[in-house]
Amino acid sequence: MSALDVSLSERLSQYKQHIKPPTLAVAGILTRVVGLTLEAKGLRAPVGSQCKIETMNGFVDAEIVGFNDQTLYLMPNDHISGVLPGARVIPQLNDTGLPVGMSLLGRVVDGLGRPLDGLGKINAEHYLKFAQKPINPLSRRPISQPMDVGVRAINSVITVGQGQRMGLFAGSGVGKSVLLGMMTRGSEADVIVVGLVGERGREVKEFIEEILGVEGRKRSVVVAAPADSSPLMRLKGCESAVTIAEYFRDQGLNVLLLLDSVTRYAMAQREIALAVGEPPATKGYPPSVFAKLPALVERAGNGGEGQGSITAFFTVLSEGDDMQDPIADAARAILDGHIVLSRELADSGHYPAIDIEKSISRVMPQVVSETHMQQARVLKQVYSMYQQNKDMITLGAYQKGTDQMLDQAINMMPRVNAFLQQGMRDVISYDDGLQGLAQLLGQA
């Protein structure tokens with residue numbers, strides 16, 4: 001072979017590296033529609049990929065959620081109409097992913113990252129997959145400092161650490177959304193990511209305009225997938241919120257993630273799993289639900305060296321105020337603590353309706369001083385002592401002087417209740433909360 005031939009061969013091999021063979025998207029056909037599930041044959045595509053389905057009203061997007069032999073099961077991203085038998089199903093081989101970047105701040109998007117606020121296209125700096133891999137647990141920085149959330153009851157008695165994952169357990173109508181709003185205004189986080197998934201559509205605008213406000217919105221990203229969204233969109237809404245939080249964490253920022261609610265996430269996965277034939281296991285929930293919950297939660301937390309943190313609050317709806325609901329029980333086991341909102345306190349006008357007796361922060365001993373820990377323990381003991389004997393005290397069956405600790409609890413309870421309450425527009429700093437706790441216990 002001559003030198004000229006060798007030189008030509010080398011040049012051709014260099015060009016070959018930059019030439020990509022054309023990819024052909026082979027379309028399939030729609031064979032069956034049952035409820036929310038679409039069945040298609042004649043195409044090959046992996047689970048999780050996007051497809052376009054031909055309808056009388058144009059093309060609609062759907063995602064492959066499972067398969068059986070040569071039949072693919074698809075779930076539409078949005079509600080669809082005008083579906084015909086034998087309609088074309090075209091796989092999307094170049095799915096861009098979720099748009100992320102600093103341009104997301106102040107925006108409201110749906111579960112796929114599409115703008116809902118009418119402010120135009122999002123100029124994304126990067127595109128990420130919806131489900132990112134969690135950080136190696138040995139690469140994470142330990143939780144070592146407290147996080148100021150602007151709520152005195154939490155800062156002083158149930159102190160949250162930076163990078164902690166907390167559960168907010170509540171029934172309907174006990175002030176859950178208001179408490180989330182208080183944390184968005186009072187938090188010291190650099191960026192706030194709010195996921196409103198499966199809630200009433202009316203609440204989305206109210207939360208943005210009244211609870212977040214103009215100032216809070218400037219450093220926030222809101223991902224909204226209301227109750228009338230498809231199960232797939234509700235599922236994507238939670239995953240997108242966590243992915244956006246991960247992006248900001250990787251930029252070295254401290255993120256506050258508020259996900260309302262993880263119960264709706266589990267219900268969306270239940271709808272999808274049952275639709276494709278997965279058998280129910282625990283109270284109607286398929287096993288995949290309990291596999292997805294920890295996978296979602298574990299993505300929050302502290303990053304590695306040079307990265308920021310994600311301090312996450314996952315709200316959990318306890319159906320009928322039942323704290324032993326399967327989702328509530330599973331979430332409590334995988335989170336770093338839980339805050340319980342009491343309907344009894346809410347009905348009596350005590351806001352925020354935090355039951356400090358049933359709430360706990362598992363990392364509090366690692367982030368506060370011994371003095372602070374002791375003061376919080378004393379306050380809990382006083383509160384618990386009164387609650388355990390409340391009926392007897394109310395009926396007048398207790399004689400003063402019988403129990404010295406109970407006498408002290410009875411005398412302190414008006415001041416304790418005043419200390420634990422806070423106006424929804426008030427922001428009380430971490431240091432002010434500690435000072436108030438010391439004064440309450442007479443140790444200032």
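Buried residues, meaning those under 20% relative accessible area with a 1.4 Å probe and protein chains only, make up 52% of the 444 residues in the protein chain. This is a predicted model, in which local features need pLDDT of at least 70, side-chain atom pairs count only at pLDDT 80 or more, and totals for chains, interfaces and linings use all residues. Residues are numbered from 1 along each chain as its sequence is written, and side-chain values use heavy atoms, with hydrogens and water left out.

Start with the whole chain. Its C-alpha trace spans about 105 × 55 × 40 Å along the principal axes. The secondary structure comes to 14 helices and 17 strands. Both are DSSP runs, numbered from the N terminus: helices are H or I with at least four residues, strands are E with at least two. Contact means heavy atoms within 4.5 Å. Among contacts between residues at least 6 apart in sequence, 71% join residues at least 24 apart.

Now the barrel. Six strands close into it in the order β1-β2-β5-β4-β3-β6, and the pairing is antiparallel. On average, neighbouring strands of this sheet are turned by 45° against each other, direction ignored. Two strands count as paired if DSSP finds at least two bridges between them. Strands of a sheet pair through backbone hydrogen bonds, either parallel or antiparallel.

Follow β1 first. Strand β1 (residues 28-34) runs antiparallel to β2 (residues 37-41), and five bridges join them. L30 has A40 as its bridge partner in β2. Strand β1 also runs antiparallel to β6 (residues 88-91), here with two bridges. In that pairing, G28 has V89 as its partner. Strand β6 also pairs with β3 (residues 50-55), in the antiparallel sense and over three bridges.

Next, a loop residue. L119 is found between β8 (108-109) and β9 (126-128). Its relative accessibility is 56%, so L119 counts as exposed (over 50%; values between the buried and exposed limits are partly exposed). Leaving aside neighbours within four places in sequence, L119 is in contact with R107 and R217. V108 lies eleven residues from L119 along the chain, and their C-alpha atoms are separated by 9.1 Å.

Turn to a helix pair. Two packed helices are described by the angle between their axes and the distance between the axes. Helix α5 (residues 231-250) and helix α6 (residues 262-275) pack at about 140°, with axes 8 Å apart. Axes here are lines fitted to C-alpha atoms, for helices over the stretch in contact, and angles run from 0 to 180 degrees between N-to-C directions. Helices α5 and α6 are therefore oblique to each other. Angles under 35 degrees count as roughly parallel, over 145 as roughly antiparallel, 65 to 115 as roughly perpendicular, and the rest as oblique. From α5, the contact involves P231, L232, R234, L235, C238 and E239; from α6, it involves Y265, A268, Q269, E271 and I272. These residues divide into seven nonpolar, one polar and three charged. Ala, Val, Leu, Ile, Met, Phe, Trp, Tyr, Cys and Pro count as nonpolar, Asp, Glu, Lys and Arg as charged, and the others, Gly among them, as polar.

Finish with α14 (residues 430-440). Its buried residues are Y430, G433, G436, L437, A438 and L440. What covers them includes α2 (152-157), α11 (370-388) and α13 (404-420). After α14 comes G442, whose phi is positive, near 70°.
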